[in-house]
Amino acid sequence: MEIKKNLTPAPKAKPADESKLGFGHVFTDHMLIMPYDTGKGWHDPEIVPYGNISISPAAMCLHYGQTVFEGMKAYRTADNKIQLFRPEENFKRLNKSNERLVIPELPVDLAMQCLRELLEVDKDWVPTLDGTSLYIRPFIVAVDPFLGVRPGDQYLFMIVLSPSGAYYASGLNPVSIYVEDKYVRAVRGGMGFAKTGGNYAASLHSQDDAHKLNYSQVLWLDGVEQKYIEEVGAMNIFFVIDGEVVTPSLDAGSILGGITRKSTVELCKSWGMKVSERRISIQEVADAYDAGKLQEVFGTGTAAVISPVGHLKWGDKVMEINNNEIGPISQKIYDTLTGIQWGKVEDTFGWTVEL
Ligand code: PLP
Ligand code: COI
């Protein structure tokens, strides 16, 4: 499909100090926008100057949350190439979210073409400082001006780009996490596996409670018994217990299947480590801690990368993990994964895609 380009006559100044980027504050010069209409399909993709869009106040996404999104990154390598990490996995997952939210499928090839052409236009915005990247946010929203509850007939697919640094202010220093035993995020049969706004809306109250106690994120338990561990607000979770690397399995459909999670499992297996995707209860974690067998805990995510967990609070019990320091397994995964992403470590898996 041909992508029309209406480029800005007035490009913005790039951030002067990349060490102060933070996450998600700065946007590039352009964005991609492509409408969908029933009967016509996806049509007329266009790259336009980054800016506000106009939708009806009755647009369905504003009322009933028919939205999906993705999160991925473009990395600048030392030899000044730009590469993506498993981008097709993100667009396949977008389609899983679409299916759950009754949003029309977006062909992966078309999504990739949109992304590549947008990046080609704004590639100078991919930052250069160590640990920084261009965060990519593709999303789809229903925009029919209609107050009844039904799936939309009109959608917008958009991609915006944001040069970013670390997601957590603490960087690679361990984060403190609070185990939520009051609210739940998702249940079997719900939409926990989809990347849709409602899941994040469901998380806000707990996140606010956690912040008040100086914890940076919430660890969710299953929505039925509140016994089994699911995931963290913006990352999947791993435990190293007596040499076994454990992460909750995805079968209940209540956890987002992270691409960093999948890559971590594949990396650990390639190193011959014992890796299990299985049910794990918070009690098992507490028992392992008491027995001195809980070696490491870390989260995985595109924004969070590999994020060691230094404290885990469950009710009155506060577990300090590995003396609140990053452990050797988390460090090895971090070094290898980021090494592959930034082109410093040979990518024997074929995960990276050059722009
Ligand atoms: N879980 C949630 C709820 C997330 O928002 C994210 C971030 O995308 C992840 C897990 C990690 O997924 P990925 O590794 O694909 O970024
Ligand atoms: C990501 O890691 O890409 C995410 O989407 C996390 C986000 C909710 C900030």
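This is a predicted model: local features need pLDDT of at least 70, side-chain atom pairs count only at pLDDT 80 or more; totals for chains, interfaces and linings use all residues.

Q: Okay. Which domains does the assignment give for the chain?
A: The assignment gives domain 1 (4-164) and domain 2 (175-341). The two domains touch: 21 residues from domain 1 and 22 residues from domain 2 take part in the contact.

Q: How many Å separate the centres of domain 1 and domain 2?
A: The centres are 27 Å apart, taken over C-alpha atoms.

Q: Now the ligands. Where does ligand 2 sit?
A: Ligand 2 is in the largest pocket.

Q: And which domains does the shell around ligand 2 draw on?
A: Domain 1 (4-164) and domain 2 (175-341) each supply at least three residues to that shell.

Q: Which residues are around ligand 2?
A: Among them are Phe 23, Phe 69, Tyr 135, Arg 137, Tyr 167 and Ala 234. Gly 71, Lys 195 and Thr 302 are also included.

Q: Let's get to single atoms. What lies 2.8 Å from an oxygen atom of ligand 2?
A: A polar side-chain atom of Lys 195 does. Tyr 135 has a side-chain N or O atom 2.6 Å from an oxygen atom of ligand 2. With Ala 303, a backbone N or O atom is 2.9 Å from a ligand 2 oxygen.

Q: How much of the accessible area of ligand 2 does the protein cover?
A: On its own, ligand 2 has 280 Å² of accessible area, and the protein covers 89% of that.

Q: Switching to ligand 1. Where does ligand 1 sit?
A: Ligand 1 sits in the largest pocket.

Q: Which residues come nearest to ligand 1?
A: There are 17 residues around ligand 1, and Lys 195, Tyr 200, Glu 231, Thr 260 and Thr 302 come nearest.

Q: Which side chain has an N or O atom 2.6 Å from an oxygen atom of ligand 1?
A: Tyr 200 has one. Thr 302 also has a side-chain N or O atom 2.6 Å from an oxygen atom of ligand 1. Ile 259 uses its backbone: an N or O atom there lies 2.7 Å from a ligand 1 oxygen.

Q: Last one. How much of ligand 1 does the protein bury?
A: The protein buries 96% of the 380 Å² that ligand 1 exposes when taken alone.

How values were computed: Residues are numbered from 1 along each chain as its sequence is written. Chains are lettered from A and ligands numbered from 1 in the order in which they are written. Side-chain values use heavy atoms; hydrogens and water are left out. A residue is near a molecule or strand if one of its heavy atoms lies within 4 Å of it. A polar contact is a pair of N or O atoms within 3.5 Å; within protein, one must be able to donate a hydrogen and the other to accept it, and residues adjacent in sequence count only if both atoms are side-chain atoms. Accessible areas come from the Shrake-Rupley method with a 1.4 Å probe; for residues, only the protein chains shown count as cover. On a 1 Å grid over the protein atoms alone, a cavity is a set of points where a 1.4 Å probe fits but cannot get out, and a pocket is an open set with protein on both sides within 12 Å along at least five of seven lines; lining residues have an atom within 4 Å of a point. A molecule sits in a cavity or pocket if more than half of its atoms lie within 2 Å of its grid points. Domain bounds come from an automatic or database domain assignment. Contact means heavy atoms within 4.5 Å.
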